Amino acid sequence: MTDEQKRRRRFHEELDALQECLLEMAGIVEQLIHRATPAVLERDGSAADEVMDRDDRVDELEVEVDERVIELLALQQPMASDLRQIVTTNKISNDLERMGDHAVNISKAARRMTDTQPLPEIRELAEMAEITQGMVSDALASYVSRSAGTARLVCLTDDKVDDLRRSMFRILVTHMLEDPKRIGGALELLLVSQNLERIADLATNISEDVVFLVEGRTIKHGAELPDAPE
Amino acid sequence: MATTYDIDLGGRDPALEAVDLSVYYGETHAVQNVSLTVPQNQVVALIGPSGCGKSTLLRCFNRMNDLISSARVDGRVDFHGQNLYAPEIDPVEVRRRIGMVFQKPNPFPKSIFDNVAFGPRVNGMKVDLDALVEESLRSAALWDEVSDRLNDSAYALSGGQQQRLCIARTLAVRPEIVLMDEPASALDPIATQRIEELIYELKKDYTIVIVTHNMQQAARISDYTAFLYMGQLIEYGPTETIFTNPREERTEAYVTGRFG
Amino acid sequence: MSDVTGTRPLGSGESAFDRRRRRIGTLFAWMCGLATLVGVFALGILLVDVLMDGLGRLDVAFLTSFASRFPERAGVKAALAGSVWILGLTALISFPISVAAAIYLEEYAARNWVTKTIQTNIANLAGVPSIVYGILGLALFVRGLGLQRSIISGALTLSLLIMPLIIMASQEAIRAVPRTIREAAYGLGATRWQVTATQVLPMALPGILTGTILALSRAVGETAPLIMVGAVGFVAFTPKGLTDQFTVLPLQIYNWVSRPQDEFRDLAAAGIIVLLVLLLTMNAVAIILRNRAQVRR
């Protein structure tokens, strides 16, 4: 430990432990999304149980993060960047927990879809899945590397995902009108696309939090128009 | 060369302005070219590690450094457009208009009444002393506790009460600015809290500059915070900025407890 | 060894080391006590001796008679009156000047080499033998100012003698006033003289008074310088004016002791008792004054 860090040793150990929790959550959530999304494309029903199990761990970690955050705030009087980090960690853990729940929803939809009539391949779905997974990876990477530039890029990508969801809606409606036997499968896919869009929104939230962490100002809700990356 | 920090005065007049202020103790350059503006009716906190010059800077504002023979002051302190260090200015008059409360409560070995009345008496203020003493003790949130024993010795009071007595004493000469040098550092937490509440009330009628080594206290009660290190002004700005997102690395290192 | 601390239960008895420690402690305490007793013992012997010799001779007649060749008729009236006059005059002269000097040195003078020199010299003057002051008084007051061998010359000479003592004691007392009190007073817009007069002096007064009384006690006991400036051995009158001749108790006592007859030794002892009573009274006054000044805190 450097000389500086020897001071407030207990505080730094607590802070590191908090960070560990969050990183564990992030790792699991990323994996859940990676497991659940292909399951839809490949009509694999086995993912659901696994994903639900591991999501329990994410929920546990969220509770632990909450407790650690309260304790740090009450006992250690953190300031400046330490304060921003702790507050941000709290927000990101909430977002990650919800991402986990959406991943669970997706994997359950995949399982239900095995009983329905398969639909023709929808390019947009695969694209949505890929972009969303990329956004999640980038958002978490920007947190780990404390890069505001990467974070801002993620925010920019969110619009694309919204567009794709709207396209999916139109395509699926068309499919449903064409062949009533496809309704079951189409509705599941609709659900999946909504969950994916929510995951992308949460990834955007995380990125906005990262910018706050790094730069000390908030870009949420259009507080700052995302401009061209530096 | 030090950086000047222009702060947004929020539409208020400046109460005090230090311009390129330096203090030398013999060879030591204790305060180095500090410039800052104190807005009226606000609380400005001076923070920094021990020996950074914050008390020395504070004592420039009411020319208390004049009492130290080895101290030399360069630069200006502007008060209502006049430089306090101009040769024609009488330091005694300065101290009546800019009062000071010290770290350890230091009441005179006299009665409570005489303590508060001392300032008005030595300054020849033609006032109803009884009324003035009551007014000052009320402003210092001490009247209710001592109104029935004004002739008791000041030393019969507790530490927190003595410090409020010192504040009442300072207010009795009706200053515009009150300087406080770590006013609560010798007090227990409850007494400290009462002093902090008092400062919040006093802000309405006075401008307050407070030196504190307790960062949380500065964060709680001040509107603007100045961070000094080794005689230099490192950063000066609104308190919430200093404590959530300071501009300077050294400020960040200090408020997060990495040094000092 | 089983004497290592912490390994033996409490109350399990002393080790050899502890025993030795305790014994040395007791021995030390006894030796200090004995040293105290030596001083007290010597003083006690003196007092007993004096009281035994002099108490018999002490009566109203003794206090109201002048000195005489006949021991049964001799008394201390002139000497007592002389001592009291000297005491009063010396106090009146030395006190204001010394206190003013102390105030100047502590509150007003700049801390430079000039002040340091003055300070050192005052300390030196306090150690100068009193006979030297006698010679000075003779040259300066008796001859130089033409005051002749009078009580005022004696008072002035003794004032010079004790002024360094009062100055130093007063300076100590003034220095003992906490800096924080001064700061508070200055901070309220008081001028220097206001701070001095309203805060510093009142707080320093007990110390100043004590120092003054101690110095005056010394003056009351001085003989040599007073001889130099004209205190005479045989005086049959009490002083009525500043220019009168005079004698003092120590001188009278010395006179009687140098006479061959035994009865004069008893007279001397009685004189010593009177002198001691005078000194004790002065000390009592000092303590009363100091207490009154302190009670006002």
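## Chain C against chain B

In this predicted model, 18 residues of chain C are in contact with 23 residues of chain B. Contact means heavy atoms within 4.5 Å. The size of an interface is often given as the accessible area lost when the parts come together. Chain C and chain B bury about 1,700 Å² between them, and carbon and sulfur atoms give 64% of that area. Buried area here is the accessible area (1.4 Å probe) that two parts lose on being put together, summed over both.

The model is predicted: local features need pLDDT of at least 70, side-chain atom pairs count only at pLDDT 80 or more, and totals for chains, interfaces and linings use all residues. Residues are numbered from 1 along each chain as its sequence is written, chains are lettered from A in the order in which they are written, and side-chain values use heavy atoms, with hydrogens and water left out.

## Polar links and makeup

The rule finds 1 salt bridge across the interface of chain C and chain B. A salt bridge is a side-chain nitrogen of Lys or Arg within 4 Å of a carboxyl oxygen of Asp or Glu. B:Arg59 pairs with C:Glu183 in a salt bridge, with the closest N and O atoms 2.5 Å apart. The interface of chain C and chain B also has 5 residue pairs in polar contact, both residues at pLDDT 80 or more. A polar contact is a pair of N or O atoms within 3.5 Å; within protein, one must be able to donate a hydrogen and the other to accept it, and residues adjacent in sequence count only if both atoms are side-chain atoms.

Two or more residues on the chain C side come from each of helix 7 (179-187) and helix 8 (192-220) of chain C. Helix 7 of chain C gives the most, with 8 residues. Helices are DSSP runs (H or I, at least four residues), numbered from the N terminus. The chain C side that touches chain B divides into 7 nonpolar, 7 polar and 4 charged residues.

## Two domains within chain C

An automatic or database assignment sets the domain bounds. Chain C has domain 1 (16-57) and domain 2 (62-296). Their C-alpha centres lie 32 Å apart. The contact takes 7 residues from domain 1 of chain C and 12 residues from domain 2 of chain C.

The two domains of chain C bury about 670 Å² between them, 71% of it on carbon and sulfur atoms. In domain 1, C:Val50, C:Asp53 and C:Arg57 lose the most area to domain 2, together 76% of what that side buries. Between these domains the count is 0 salt bridges.

Key: Ala, Val, Leu, Ile, Met, Phe, Trp, Tyr, Cys and Pro count as nonpolar, Asp, Glu, Lys and Arg as charged, and the others, Gly among them, as polar.
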